[in-house]
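Trainee: Could we go through this structure together? I would like to begin with the aromatic rings and then move on to other topics.

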Amino acid sequence: FQAMPPFVRMVPSEYATIQSAINAAGPGDTILVAQGDYVENLNFLGKPLTLISEAGRDLTTIRPANPLNDIIVIDQAQNCVISGFTIRDVNHPASVGIECIDCELTIRNNLFTNNREAAVWIRDGGSVVAENNEFRANISGGDAATLLCRGYSRAVVIGNVFRDNVSSWAGGGIHFSSGEYAEVVRNLVLRNGGGTDVGGGIFVSGVDTALIVNNTIDSNAAN
């Protein structure tokens, strides 16, 4: 038996929706998305995939068809990449922009905005590299409005912008709790708010190893 080589699957020229391309994809495939506004809730179905836009985040948006559910779910998949999208408008206190469950994910060159809960939630042993993203004007009724990492997970956060986000609890910008490893380097964390008396910009608690260096953290506030 010889494994099939990875394919590039084009949306919408070959597949009408992103999810239909994911359904057809094999391990290691790339889903290449043309510019446009895509109204879908996506599930990677446990597949290691690269989801990337042709035209970049300013011209390619993913919004939820059902705003009460997660926009993107990645569960027990390794070597996943999401790059070049605006991910916005999730609107339920139990839902998030991207939920990474025991998976390995790189998010790069994305904009997360106008999400009601965490823009990205890494949990249950998940691992994320977040690089050159912008998290702007997200609001959470619980923990972090932007990047929430817990459940013995790992996160490497490099060169991102976190600004004007608000959470009702700790870590309006970034929240790490009960994690294995957190690395936060060369980020701008600006004008974020936390509802408690700790961590308006960044909240870290119960993490085995945390490295926070060479960031600009300014004008954040907690009640």
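Predicted model: local features only at pLDDT ≥ 70, side-chain atom pairs only at ≥ 80, totals over all residues.

Trainee: How many aromatic pairs does the rule give?

Mentor: The count comes to 3 aromatic pairs. One of them is formed by Phe-135 and Phe-162, with 4.7 Å from centre to centre and 5 degrees between the planes.

Trainee: Why does that pair count as stacked?

Mentor: The planes of Phe-135 and Phe-162 are 5 degrees apart, and the stacked class takes planes under 30 degrees apart.

Trainee: Where in the chain do the two partners sit?

Mentor: Phe-135 belongs to strand β15, residues 134-136, and Phe-162 to strand β19, residues 161-163. The two are 27 residues apart, and the pair thus links distant parts of the chain.

Trainee: Which residues make up the ring cluster?

Mentor: Ring pairs link Phe-112, Phe-135 and Phe-162 into a cluster.

Trainee: Changing topic: what lies over the face of Trp-121?

Mentor: Arg-123 does, at 4.9 Å from the ring centre. Arg-123 also forms a salt bridge with Asp-124, in which the closest N and O atoms are 2.6 Å apart.

Trainee: How accessible are Arg-123 and Asp-124?

Mentor: Arg-123 is partly exposed, with a relative accessible area of 21%. Asp-124 is partly exposed too, at 41% relative accessibility.

Trainee: And how many salt bridges are there by the rule?

Mentor: The count comes to 13 salt bridges. Among them is the one between the side chains of Glu-134 and Arg-163, at 3.0 Å from N to O. This pair links distant parts of the chain, since Glu-134 is in strand β15 and Arg-163 in strand β19, 29 residues apart.

Trainee: Buried or exposed, for Glu-134?

Mentor: Glu-134 counts as buried, at 9% relative accessibility. Arg-163, by contrast, is partly exposed at 24%.

Trainee: Which other partner does Arg-163 have?

Mentor: Its side chain also meets that of Asp-164 in a salt bridge, at 3.6 Å from N to O. Asp-164 is partly exposed, with 29% relative accessibility. Through shared partners, salt bridges join Arg-57, Asp-58, Glu-134, Arg-136, Arg-163, Asp-164 and Arg-191 into one network.

Trainee: How many bridges join β3 to β6?

Mentor: 4 bridges join β3 to β6, residues 60-63, and the two strands run parallel. Tyr-38 has Ile-62 in β6 as its bridge partner.

Trainee: What about the sheet of 9 strands?

Mentor: That sheet is also open and its pairing is parallel; the order is β1-β2-β5-β8-β11-β14-β18-β22-β26. Its edges are β1 (8-11) and β26 (209-213), each with a single partner strand. Within this sheet, β11 (residues 104-108) and β14 (residues 127-131) pair over 5 bridges. Ile-107 has Ala-130 in β14 as its bridge partner.

Trainee: Last topic, the backbone. Where is the cis peptide bond?

Mentor: A cis peptide bond joins Val-11 and Pro-12, with omega about 0 degrees. Pro-12 is placed in the loop between β1 and α1 (18-24).

Trainee: And which residues have a positive phi although they are not glycine?

Mentor: Asn-114 has a phi of about 60 degrees, and Ser-178 one of about 55 degrees. Asn-114 lies in the loop between β12 (111-113) and β13 (120-123), and Ser-178 in the loop between β21 (174-177) and β22 (181-185). Asn-114 counts as partly exposed at 41% relative accessibility, as does Ser-178 at 45%.

Definitions and conventions
Residues numbered from 1 in each chain as written. Heavy atoms only, no water. Phe/Tyr/Trp six-rings, centres within 6.5 Å; stacked < 30°, edge-to-face > 60°. Lys NZ or Arg CZ within 6 Å of the ring centre and 35° of its normal. Pairing = 2+ DSSP bridges. Salt bridge = Lys/Arg side-chain N within 4 Å of Asp/Glu carboxyl O. Buried < 20%, exposed > 50% of the residue type's maximum accessible area, 1.4 Å probe, protein only.
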